[in-house]
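Here is a walk through one protein model, from its sheet to its core. Keep the sequence and the 3D view side by side as you read.

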Amino acid sequence: MNYPTAISRLLGFEVVAVDHGTATLRVVTDPALHSNQQGTVHGGFIGELADAAIGTARSTTVSRGESFTSIDLHTTFLRPMFAGTLTARAYPTHVGSTVQHYACEITRDDGKIVATATSTVLTLRGEKAVGR
């Protein structure tokens with residue numbers, strides 16, 4: 001696992017826990033840096049947190065000569081987040097030999113879910129994995 005990634009360093013994401021196929025990331029939000037015009041944490045930032053958690057979870061299962069890429073990312077926003085800590089927990093819902101499906105729950109300090117995300121991840125092997 002190659003962590004932290006450049007984007008995770010830039011955005012301040014911290015790995016809280018990893019296990020085979022799962023990952024939990026955390027970030028402390030700052031309204032001066034992360035809010036949109038309504039004053040809530042920007043949805044793109046929350047989506048990137050989910051994507052980073054899912055990618056970290058998937059990276060714990062990569063075999064030698066393999067890499068992976070996301071095919072899609074779907075984020076559903078459930079309630080606002082203004083400031084505080086966001087925690088993203090990613091886990092697999094289906095693990096195939098080539099295609100895997102992941103889910104992620106993003107919660108705020110009070111334990112309430114801010115957003116959920118799902119992603120389809122494609123395993124790359126051989127020449128397709130080189131340089132990734």
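In what sense do E2 and E4 pair, and over how many bridges? The pairing of E2 and E4 is antiparallel and covers seven bridges. Within it, Val28 has Thr85 in E4 as its bridge partner. The labels follow DSSP runs, numbered from the N terminus: helices are H or I runs of at least four residues, and strands are E runs of at least two. Two strands count as paired if DSSP finds at least two bridges between them.

A word on the source. This is a predicted model, in which local features need pLDDT of at least 70 and side-chain atom pairs count only at pLDDT 80 or more, while totals for chains, interfaces and linings use all residues. Residues are numbered from 1 along each chain as its sequence is written, and side-chain values use heavy atoms, with hydrogens and water left out.

Now the whole sheet. Six strands form an open sheet, in the order E1-E2-E4-E5-E6-E3, with antiparallel pairing. Strand E1 (14–19) and strand E3 (66–77) are the edge strands, and each pairs on one side only. On average, neighbouring strands are turned by 20° against each other, direction ignored. Here the axes are lines fitted to C-alpha atoms.

E1 is joined to E2 by five bridges, and the two run antiparallel. Val18 has Ala23 in E2 as its bridge partner. These strands form a hairpin with two residues between them. In the turn, Gly21 has a positive phi of about 85°.

Next comes the helix H3 (43–59). Buried means under 20% relative accessible area, with a 1.4 Å probe and protein chains only.

Finally, the core. The largest nonpolar core has 24 residues. Such a core is a set of buried Ala, Val, Leu, Ile, Met, Phe, Trp, Tyr and Cys residues joined through side-chain atoms within 4.5 Å. Phe13, Leu25, Ile46, Leu49, Leu86, Cys104 and Ile106 touch the most other members. H3 gives the most to this core, with eight residues. Leaving aside neighbours within four places in sequence, Ile46 is in contact (heavy atoms within 4.5 Å) with Val41, Phe77, Leu86, Ile106, Val114 and Ala115.

Note on methods: Buried means under 20% relative accessible area, exposed over 50%, partly exposed in between (1.4 Å probe, protein chains only). Axes are lines fitted to C-alpha atoms, for helices over the stretch in contact, and angles run from 0 to 180 degrees between N-to-C directions.
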